[in-house]
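Subject: Structure for you to look at

Hello,

Here is the structure I promised to pass on. Please open it and keep it beside you while you read my notes.

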Amino acid sequence: MTAISVLGAGAWGSTMAQVLADAGNEVLVWGRNEVVIDEINSSNTNNTYLPGSVLPSQLRATGNIDEAMAHSRTYVLAIPAQSLRLKLEEWRSTIDKDATLISTLKGIEVSTLMRMSEVVTNVLGVDPAHVAIITGPNLAYELVQRQPAAAVAAASTTQLAHYIQKLFTTSYYRVYTSTDLLGCEMAGAVKSVIALGVGIAVGMGLGENTQSMLITRGLNEVARLGAAHGADPLSVAGLAGMGDLVASCSSPLSRNRTFGEALGRGGTMEYARAHVATTVEGVASAGAVVELAHRVGVEVPVIEAVADVVNGIITPMQALERLMEISIRAEDFIQ
């Protein structure tokens, strides 16, 4: 039995805590909301974020960060991506330099264009060999019901990837390993923007042809962007890339797709924000992903169109018109 601290008691943090507890680990969840913490401890539920779900009876929660840090030297990060740096700066003095840090976050830090694992090493000064991610086509509301799912544990070393695989594997959660941390992490971050774009198309009343075009061409952009940064192109064809993209673009449970639908239906960010009151990483990351692409000279027309809609530069209809006017060339997967 391994002691693990999950930092974040929202929908995803609680779901990850359930998986880890079901895998036989001793799990302590930290969160800021005392109502949520008390409910997890007293009722094994989290109806604020996961209504109707029953969490493992052995799962414990705390609102005391010192208690959470003392519980373990393996920390699973499950807080909003754009809040990560601030929280790590608060926690830095309590995190051991030899601790293992596992990011479940999918995003690009807007102010620095860093991936989440890079933020961890930058703030904490830890060895990158101690930092890993777990990613894939995992929707919290399905996974917490213990529906069969799979993910990728990615780290710079095979040893750490296999350690994470063992921590998370259950009868319903199949975990594969990868040493292409950069590729898996970038795919997970960029797919949020593509899912936002697909949601916009759905909100505009457009059908499967349009959605399939955006998913496929979006996947091409993810592959080229990753390759330009040194990632393994094959990672995009796996769970971290194609798998996550399909789940996020196809499911109404996806927050990015849901927000995109509201944006496509109403035509403005004001309308979308008024109708979807959740953290949507694709909105925050869109501009950062475009900048990452520009730095390495990669064309990302789908991502750029979504970013311009989010920033109010063009309307959803203008974005679609722009995409249909771009020059056509051979459909090589990576060019």
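Start with Glu-89, which sits in helix 4, the stretch covering residues 84-91. Keep in mind that the whole model is predicted. Is Glu-89 buried, exposed or partly exposed? Its relative accessible area is 37%. Buried would need a value under 20%, and exposed a value over 50%. Glu-89 therefore counts as partly exposed. Now look for Val-123. It is 34 residues away from Glu-89 along the chain.

Next, go to Thr-170. It lies in a loop. Helix 7 (158-168) is on one side of that loop, and strand 8 (173-178) is on the other. Thr-170 has a relative accessibility of 14%. That is under the 20% cut-off, so Thr-170 counts as buried. Which residues does Thr-170 touch, once its neighbours within four places in sequence are left aside? They are Val-19, Asp-22 and Ala-23.

Then turn to helix 8. It runs over residues 181-203, which makes 23 residues. From its first C-alpha to its last it reaches 34 Å. At 1.5 Å a residue, 33 Å would be expected, so the two values are close. How many residues of helix 8 are buried? The count is 22 of 23, and the helix is mostly covered. Just after helix 8 comes Gly-205, with a positive phi of about 85°.

Now step back to the whole protein. Its secondary structure comes to 15 helices and eight strands. The C-alpha atoms fill a box of roughly 55 × 40 × 35 Å along the principal axes. The radius of gyration is 19 Å. For 335 residues, a compact globule would have a value near 20 Å, so the protein agrees with that picture.

Of the 335 residues, 56% are buried. Take the contacts with a separation of 6 or more: 70% of them join residues 24 or more positions apart.

Last, the surface and the charges. The accessible surface comes to about 14000 Å². Carbon and sulfur atoms hold 51% of that surface. There are 22 positive side chains and 32 negative ones. The centres of these two sets lie 2 Å apart.

Best wishes

Methods:
Residues are numbered from 1 along each chain as its sequence is written. This is a predicted model: local features need pLDDT of at least 70, side-chain atom pairs count only at pLDDT 80 or more; totals for chains, interfaces and linings use all residues. Side-chain values use heavy atoms; hydrogens and water are left out. Helices (H or I, at least four residues) and strands (E, at least two) are DSSP runs, numbered from the N terminus. The radius of gyration is taken over C-alpha atoms; the globule rule is 2.2 Å times the number of residues to the power 0.38. Buried means under 20% relative accessible area, exposed over 50%, partly exposed in between (1.4 Å probe, protein chains only). Contact means heavy atoms within 4.5 Å. Accessible areas come from the Shrake-Rupley method with a 1.4 Å probe; for residues, only the protein chains shown count as cover. Lys and Arg count as positive and Asp and Glu as negative; His and the chain ends are not counted. The place of a charge is taken as NZ of Lys, CZ of Arg, CG of Asp or CD of Glu.
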